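Here is a friendly tour of the model shown below. Keep the structure open beside you as you read.

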Amino acid sequence: MHTEWPGEAGQTQDDLALLGLLQLVSPALPIGAFAFSQGLESAFELGWVSDEASLGEWLAGVLEDGLTRCELPLLARLQGAWAAGDAERIAEWDAWLAANRETAELAAEDARLGASLARLLGSLELLPSEPPLPPGAGYVTVFAWTAQVRRVPVRQALLGFAWAWLENQLAVACKALPLGHTAAQRLVERLRPALVTAVDAALTLEDDDLGPALPGLALASALHETQYSRLFRS
């Protein structure tokens, strides 16, 4: 299943796929991802994360016990389901992801980003028709479709998703912590290999191995709902 886009004739599929992925993971993509911290702002307020070292530990933990076991393997499954046109599998995995959002804020983030990305795809005439997006499709589900329609290989789609997550988390830290941009780049250098390791691991997991194990993040996100002063919606 594929939608043609302007300029495709005579251009290499790999180059267009790469550019499509860069567009999808760009901080400039107008879906509002910058408004969410995924509990990180609350971790700052609680003193769990206070400097470059503790931020690196937090991010490494969320990557290993969260994205590796949840969003990344589900992204691979969903992209495969979109490629096969399997509406039942798409709906099942989308519902599974929604059920694994442990707080109202995390659930709202997934739903709002999914809806925003779907609206953007509609304006670009890139929405799927058969099968259509599930009602209220979450962000990972819509991301998977976008990667598929842009012909992005699954592994590269996972790397791009993980990279976008890391960039967003570091942007949050630069706004809410006394963390400079040089320190953020040091963390990028430290965690880039971990992103590759996470993707490698995610692609080997069986269905029964899936599920995030992030009680600290869930608690931080829940506490953030009533945090007195905050910059972010989640």
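On a 1 Å grid over the protein atoms alone, a pocket is an open set of points with protein on both sides within 12 Å along at least five of seven lines, while a cavity is a set of points where a 1.4 Å probe fits but cannot get out; lining residues have an atom within 4 Å of a point. Grid points are joined across faces, edges and corners, and a volume is the space filled by probe spheres set on the points. By that rule, the largest pocket holds about 870 Å³ of space.

The model is predicted: local features need pLDDT of at least 70, side-chain atom pairs count only at pLDDT 80 or more, and totals for chains, interfaces and linings use all residues. Residues are numbered from 1 along each chain as its sequence is written, and side-chain values use heavy atoms, with hydrogens and water left out.

**Overall fold**

- The chain has 10 helices and 0 strands (helices are DSSP runs of H or I with at least four residues, strands are runs of E with at least two, and both are numbered from the N terminus).
- Of the 234 residues in the chain, 50% are buried (buried means under 20% relative accessible area, exposed over 50%, and partly exposed in between, with a 1.4 Å probe and protein chains only).
- Taking contacts between residues at least 6 apart in sequence, 82% join residues at least 24 apart (contact means heavy atoms within 4.5 Å).
- The accessible surface of the chain is about 11100 Å², and carbon and sulfur atoms account for 55% of it (areas come from the Shrake-Rupley method with a 1.4 Å probe, and for residues only the protein chains shown count as cover).

**The nonpolar core**

- The largest nonpolar core has 71 residues, and L55, W58, L72 and L117 touch the most other members (such a core is a set of buried Ala, Val, Leu, Ile, Met, Phe, Trp, Tyr and Cys residues joined through side-chain atoms within 4.5 Å).
- Helix 8 (residues 154–176) gives this core its largest share, 10 residues.
- Leaving out residues up to four places away in sequence, L72 touches L67, L158, F161, A162, A198, V199 and A202.
- In soluble globular proteins, nonpolar side chains tend to be buried together.

**The largest pocket**

- There are 41 lining residues, and Q38, E109, A164, W165 and N168 are the closest to the pocket's centre.
- Helix 8 supplies the largest share of this lining, 10 residues.
- Helix 1 (13–25), helix 6, helix 7 (139–149), helix 8 and helix 9 (181–202) each supply at least two lining residues.
- The lining divides into 26 nonpolar, 8 polar and 7 charged residues (Ala, Val, Leu, Ile, Met, Phe, Trp, Tyr, Cys and Pro count as nonpolar, Asp, Glu, Lys and Arg as charged, and the others, Gly among them, as polar).

**The largest cavity**

- The count is 1 cavity of 30 Å³ or more, and the largest cavity holds about 80 Å³ of space.
- Helix 1 and helix 6 are the elements that give two or more residues to the lining of the largest cavity.
- Residues lining the largest cavity include G20, L24, L117, T146 and R150.
- By class, this cavity's lining has 7 nonpolar, 3 polar and 1 charged residues.

- Helix 7 is largely enclosed by the rest of the structure, because 11 of its 11 residues are buried.
- The buried residues of helix 7 pack against helix 1, helix 4 (71–84), helix 5 (87–99), helix 6 and helix 8.
- D110 is found in helix 6 (residues 104–123) and counts as buried because its relative accessibility is 10%.
- Neighbours within four places in sequence aside, D110 is in contact with R101, G138, Y139 and V140.

- The peptide bond from E130 to P131 is cis, with omega near 0 degrees, and P131 lies in the loop between helix 6 and helix 7.
- E125 is also placed in the loop between helix 6 and helix 7; its phi is near 60 degrees, a positive value in a residue other than glycine, and E125 is exposed at 67% relative accessible area.
- R190 is in helix 9 and is partly exposed, with a relative accessible area of 45%.
- R190 touches A53, G56 and E57, not counting residues up to four places away in sequence.
- R190 and A60 are 130 residues apart in sequence and 9.6 Å apart in space, C-alpha to C-alpha.
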